[in-house]
2 protein chains.
Amino acid sequence: MKLSQRALDIQASPIRKLMPHAIHAKNRGIKVYHLNIGQPDIPTPPEMMKVYHEFSEKVLAYGPSQGLEVYQNGLVHYYQKLGIELETKDIIVTTAGSEAVTFAMMVVANEGDEIIVPEPFYTNYNGFATMASIHLKALTTYAENGFALPDDATIAALIGPKTKAIMLCNPGNPTGAVYSKEELVRVSEICLKHGLYLISDEVYREFIYDGLSHTSVLQIPGFEQHAIMVDSVSKRYSACGARIGCIVSRNNALMAATLKFAQARLCPPTIDQLAANACVYLPDEYFTHMVGEYQSRRDLVYQELSAIEGIVCKKPEGAFYIVAKLPIADAEDFVIWLLEEFQIDNETVMAAPAEGFYATPGLGKDELRLAYILNKEDLSKAMRIFREGLQEYRRTH
Amino acid sequence: MKLSQRALDIQASPIRKLMPHAIHAKNRGIKVYHLNIGQPDIPTPPEMMKVYHEFSEKVLAYGPSQGLEVYQNGLVHYYQKLGIELETKDIIVTTAGSEAVTFAMMVVANEGDEIIVPEPFYTNYNGFATMASIHLKALTTYAENGFALPDDATIAALIGPKTKAIMLCNPGNPTGAVYSKEELVRVSEICLKHGLYLISDEVYREFIYDGLSHTSVLQIPGFEQHAIMVDSVSKRYSACGARIGCIVSRNNALMAATLKFAQARLCPPTIDQLAANACVYLPDEYFTHMVGEYQSRRDLVYQELSAIEGIVCKKPEGAFYIVAKLPIADAEDFVIWLLEEFQIDNETVMAAPAEGFYATPGLGKDELRLAYILNKEDLSKAMRIFREGLQEYRRTH
């Protein structure tokens, strides 16, 4: 029995595909520090948990396809505090950022159409694109200059008759790069000139360091018809299991079409939306504290990596990832080796090979993505194991 | 700015698109009995609610892409009680039945491929197919004979080189038709002969009346490589807002590909899975009681409809819907009229025009789907309003 071409083509998650090796390590009694997956360790806000604990409706019913009105209003409030004025009609609540990305891609691109994405990029964009038979065209960026966006001509050279959108992740997963207002305006002008949408994945909005500020695609004047923002509560409230996100645009026709996609799947999870809504009203200190914690983790990981000879990486300004170019040929082989053959005091570490974050074959084979989502004590231990592991691997390979 | 063709093509939900008229009625102080949407009124089991109330993890984390192991095991137990032997590898937990249907369609069919579906069918199949650029080929069935499946030759005549699967809903939404074991075996033989998958949507499995029993596509011997089952907790546990479903197949290659789709969207909601798992262990009396209640509602609605001159419908054997052919030309116009211009003691009733459940243009214009998801007292009132409304509408139109 044959499967569809997209079923054969779709990439196995490079973040998750090495999990059997981690399980194998654990079964041998080895503790694995997981720097491979963006699962924050920060406790989910008690205000959010309280909503689950106190849900008192008799029937766990469908909500509206565009999301519960109370939560749409909550989101209007959340964005307003960021200086982004929206109406509820501009927001459709989704089942996590994943569904928001899928809707954004599908509403602008048909099968065979193209979306330009700077690589390395969040690997699951590949999966969503393959499912929708959309081609992602990679705009290569480089570890050496902190994965900065290339110049206009390089971007424009990728645009063809089938190109429908440019998609950015800002701050970037896996790069940690933050695009400045000037860079966003520059990309938006390219989009205006060529009649493209700009899809901006801003799920790491608050994870931004060194006093930098974040610019949303929704804050570019005159760009309302082109700007699509996708968002999620997963990272900012340490609530990945809630699966609540949203898609936001002031383009009414686009939102009307997106609503039809949303109606097909009926609605996002009901209680999880109510729980997410509680987070909207957290005091500002919640983020101050959280961002301070992540910034010091970033400093720790960056310092540790910089101290290793032969590693190339710039200090990332946002998200909670860092991509490091290693002085070895095959980063995936190194990760498997760490899990299967290396340990210090019965502990080892896991990272995500970066090759899967590139669309261009051959790129990223010598790079790893590390997520700094452990407390500093564990992170220190993990980085020591990483350093000594890399030394030993280079000695033996 | 142009949208994608699929964004333009996708059907607005015929179940939800008339909601503005219902809101308009409510804003005028009129109570609306909703027979238009399959939102059960039965309380969600307290055992399920208890899981939300007692969730005590500090971090609301991602689960595995295939679903939480505890819930996969719970599902193995649930199906075992039904006489269906499965292993956890045969099950991927999904974000509701909606995602399970999407995965099933995408894993067997590419853009431009065809899936045969008896019409009238669950209208959102259209949405999922449009999003995936798959063509649904309608196998027309008729109210006059209770929407029974046509003969082999009629089915085979629809099969072409692009046909990848037949998809059934059993028991059927919106028809209430239940396919016997013999009918399923007949369809499976057609699938075997033509190398097609059979996707069986069994979310209404327990909603089956008059002592009939349900046969799953997973219970047809020798059909393991072709059988794909999609399921959901929404209806059976009155938990539509939990958004938990699953896709089940013993075809290992198909499940491996489906897992890659599942990995792209990371995981279904975490607490909702744990809550769904509590339902697996409910005593059998839960269903006995629930099915008894729905059977008596079906009897009431069927009796009321049968008493109206000119209405054509057979007594449905399953699910909680009935499709009635009315002695009027335009059922949608009638529904809007009920909401905008008719009331008895400040109350009116809403049903779903059946036209949207047909893929063949022009069919179903004189049909309505009624969901019997209200208690019998309300249902009696709703059916009286329906009867008198129809009388008045016919007199004035």
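Modeller: Before we start, domain bounds here come from an automatic or database domain assignment. This is a predicted model, where local features need pLDDT of at least 70 and side-chain atom pairs count only at pLDDT 80 or more, while totals for chains, interfaces and linings use all residues. Residues are numbered from 1 along each chain as its sequence is written, and chains are lettered from A and ligands numbered from 1 in the order in which they are written.

Colleague: Thanks! Which domains does chain A have?

Modeller: Domain 1 covers 5-43 + 285-396, and domain 2 covers 46-280. Taken over C-alpha atoms, their centres are separated by 25 Å.

Colleague: And how many residues does the contact take from each?

Modeller: It takes 39 residues from domain 1 of chain A and 34 residues from domain 2 of chain A; a contact means C-beta atoms, placed from the backbone, within 7 Å.

Colleague: New topic: what rotation superposes chain A on chain B?

Modeller: One of 180°, with 0.0 Å of shift along its axis and an RMSD of 0.0 Å.

Colleague: Which C-alpha of chain A is nearest the axis?

Modeller: That of His53(A), 1.8 Å from the axis.

Colleague: Last one: what is the strand order in the open sheet of chain B?

Modeller: The order is 9-12-11, with antiparallel pairing. Strands are DSSP runs (E, at least two residues), numbered from the N terminus, and two strands pair if DSSP finds at least two bridges between them. Pro353(B) has Leu368(B), in strand 12 of chain B, as its bridge partner.

Conventions:
Helix = DSSP H or I, 4+ residues; strand = E, 2+ residues; numbered from the N terminus. Least-squares fit on C-alpha atoms with pLDDT ≥ 70 in both. Contact = placed C-beta atoms within 7 Å.
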